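I opened my notebook for another structure today. Here is what I looked up, entry by entry.

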Amino acid sequence: MGLKKKLFMIIGPVILAIILIVVILLAPVKYNFSSAKTEEKAAVSQSKNILGGSVIRQQALEDGYVPFIGSSEYSRMDSMHPSVLAKKYNRSYRPFLMGTGGTQSLTHYFDLQGIKDQIKNKKAVFIVSPQWFVPGGVSKQAFNMFYSPLQTTEWLLSANAKTESDQYAAKRFIALMSDGGNESILKAMQKIADGESLSGTDTNIFRMKLTILQHEDELFSGFSVPNRMQLIDRQTRNLPAKYDLATLDVLAGRFGAKGTTNNDFGIQNSYWTDRHLDGKGKFAGKQAKLNYDRSVEFSDFQLVLNQFSKEHTNVLFIIPPVNKRWSEYTGLSAEMLKNNATKITEQLKSQGFDHVADFSKRGNEKYFMADTIHLGWKGWVAVDRYVNPFLTQKQAKPDYHMDDYYYSKDWQQE
Amino acid sequence: MVSFQPYVNPIYFLYLIAFLIPIIIGILNGKRFRVYETIISLLFICLIFGGPKLHEGFNLILYIIFEVLMIGLYMRYRSKHNQTWVFVVAVLLAISPLSIVKITPAINNGIPSIIGFLGISYLTFKAVQMIMESRDGSIKKFDLMLTLQFLLFFPTISSGPIDRYRRFVKDYQNVPSQEKYLEMLQKGIFYIFQGFLYKFLLAYLFGTVLLPPIAHAALQHGGMSWALVGYMYTYSMDLFFDFAGYSLFAVGISYFMGIETPMNFNKPFISHNIKDFWNRWHMTLSFWFRDYVYMRLVFFMMKHKLIKSRITTAIVGYFALFLLMGFWHGVTWYYIAYGLFHAIAIVINDTWLRFKKKHKGSIPSNKLTEIFAIFITFNVVCLSFLIFSGFLDKLFFS
């Protein structure tokens, strides 16, 4: 064998591998491996890869799933959880849970970029937690944890540098991205923050990167989706065959009573022990200084609203309470919580978001909360009282009129 | 300016291959472009130590000047005299920068020393080795250029494998035959792809996908838990595939440059006992400690009749070796405990082997006992990695 042939035998496979990779990653096709099973698993997985990806969510929303956006409350999968009720009573919709501990407005703003077409003229449910509205909003660490290059690139390609909302979003992104983030993305963000549009070359490069990222998402995000379907199925077995809100509410009270036996605060036993909440007076008065009514989060939230308005999505907003007995013990200010709910409601209603279920005053109802801040048994039943009719009945077309004032420091600090 | 952690980013490999092509073509045609090689080496060293890590780059330069001076001066001295104290002082001086880097965080609340840089340990092993072999008379002539090429060989600069000077120089001064080089290329490609499998797939699976939730569960539970057991095995797998993957890259790239850098791992998890394990795990490090610490110490003790019993001599040697290795990893309780653990394990292993030899007829030895031996060794090793991981420190002391 000559040198050339020998060399080819050695290097040939490598070149072939490189060509294959380039073709697979850059081919202008859409790989679709998601099945009904994958969608069902992904819808209750609350997994970071699913939220940070697009293809599985897109497919699911096209198949009748509805985005349930929020944060850690969705992890409380008791029998009254929206995913359990929808399955048990064979509703016309199925919740696709988007959110877990650490996802706040800004993360959701970016993850919505991946499902813009799917929420257009459709419905969604959004649980907006008062705890998001600490003065600095989302923490750097949480934002970076859910950072998705795919959705960020998608956003960059559709951003309009002339609008206040996109400039604001870019500024927030730069402020929160940790060092060592992708340089080209940061540079493009800076341009938009400064009101400059991306150049043609920038756009072409980002388009190519988007193709690679999309293919990566299509090929890999279906792997290792946590399977919680058994958990959901187990919970459906505790429910009566016939749907009746009053019966469910009584049942919820019974489950709640059974689950909160080791403390006087109506906090789930496991939460109470795992978080060591019993430490003798350790938490008394500890939350007196917490502040949820002056926060940059109000403007981050405005970004999300703006996206819904653009897509004409009809959204039901739910403002959950905090466990009153616990918050009185820790000294969390009731006045401040009230201001938080009032401000959120004002921001919503003044811009035409009329479906608001404000539960902020119901923190004293027994078994409404699963623990200190998360909705549980009776709280979920109360949610269903709004969610079921909202999603199963025809709703009037929303009429939104957005106001950039909500991006201002004045509003954040009001 | 950009800075690269070697072998972490796919782009790094693309750069690497692009710049190596002239070298590969050269060697295929029986030529080494030494000037080009040197320029490329310097370029990659700049890439590794540039940009935000520039202060590390300056530290590297100062360090290299210092070590080369030590080696050069000692060799010059050695060509005329051979006093033990001079040798001891030279070795101590050569390891002094590393000692400072290792001790500083322990006595200064975890703040790293300002003279440190990525790979200082591995350079120290190479420098000390040269001084020791000059003392032996195995390295006779000081050659500045070769010394620099050896110390700064860029594929292995950050984390080994630790080559030997005489072996390296032999490769460097020769050009492999075309046939031999084709074989090396083939092996190099294989190693690099094996490295991709290890580092980017398996280490990712164990370290990035599986480990964090297990660690979280173990911390939530606190104390002893099944999650902790899971952590032990998962961490062990991550440690192996991450480091073995990296080592394969370094060896593969060396092969492209016509240098047969020794392998670092040889299926360590099928070891039959701890001694076997250390002949398979991080081999270039354990052989270094064997040749330059253990053997020398044992020889010294025997020559000066410090300890009569050969068994006791070996035990002292093992403890010295593994304690030193523990300290080298870092001056924290768990690295030192890891060293002690292995010293004890290997002493027990030796005792058992002697016992087995004495009672040859009465102890069964078959496929089943072999599997049993592998099983025990594997678990003992994983337990030692759990200590090594520092996770127990987080679990119990913070």
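**Entry 1: a loop residue in chain B**

I started with B:Asn266, which touches B:Arg280 and B:Met283 when residues up to four places away in sequence are not counted; contact here means heavy atoms within 4.5 Å. A note for myself: this is a predicted model, where local features need pLDDT of at least 70 and side-chain atom pairs count only at pLDDT 80 or more, while totals for chains, interfaces and linings use all residues. Residues are numbered from 1 along each chain as its sequence is written, chains are lettered from A and ligands numbered from 1 in the order in which they are written, and side-chain values use heavy atoms, with hydrogens and water left out.

I found B:Asn266 in the loop between H9 and H10 of chain B; helices (H or I, at least four residues) and strands (E, at least two) are DSSP runs, numbered from the N terminus. From B:Asn266 to B:Met283 I read 8.0 Å, C-alpha to C-alpha, for 17 residues in sequence.

**Entry 2: B:Trp281 and the cores**

Next I looked up B:Trp281, in the loop between helix H10 (274-278) and helix H11 (283-303) of chain B. Its relative accessibility is 5%, so B:Trp281 counts as buried. Beyond four places in sequence, its contacts include B:Leu239, B:Phe240, B:Pro268 and B:Phe385.

I then asked which residues have the most contacts inside the largest nonpolar core. They are B:Tyr7, B:Ile131, B:Trp278, B:Trp281, B:Phe289 and B:Phe385, in a core of 126 residues. Such a core is a set of buried Ala, Val, Leu, Ile, Met, Phe, Trp, Tyr and Cys residues joined through side-chain atoms within 4.5 Å. Helix H9 (residues 226-256) of chain B gives the most to this core, with 19 residues. A second, separate core has 68 residues, among them A:Val55 and A:Phe96.

**Entry 3: rings**

One of the pairs is B:Tyr12 with B:Phe13, edge-to-face at 6.4 Å centre to centre and 90° between the planes. Both B:Tyr12 and B:Phe13 are buried.

For B:Phe49 and B:Phe117, the centres are 6.2 Å apart and the planes at 75°, so I noted this pair as edge-to-face too. B:Phe49 lies in helix H2 (residues 34-49) of chain B and B:Phe117 in the loop between helix H4 (84-107) and helix H5 (120-136), so the pair ties together parts 68 residues apart in sequence.

I also checked charges over rings, which need NZ of Lys or CZ of Arg within 6 Å of the ring centre and within 35 degrees of the ring normal. The charged end of A:Arg91 sits over the ring of A:Tyr243, 4.7 Å from its centre. In chain B, the charged end of B:Arg34 sits over the ring of B:Tyr172, 5.0 Å from the centre.

Technical notes
Rings of Phe, Tyr and Trp (its six-membered ring) pair if their centres lie within 6.5 Å; planes under 30 degrees apart count as stacked, over 60 as edge-to-face and the rest as tilted. Buried means under 20% relative accessible area, exposed over 50%, partly exposed in between (1.4 Å probe, protein chains only).
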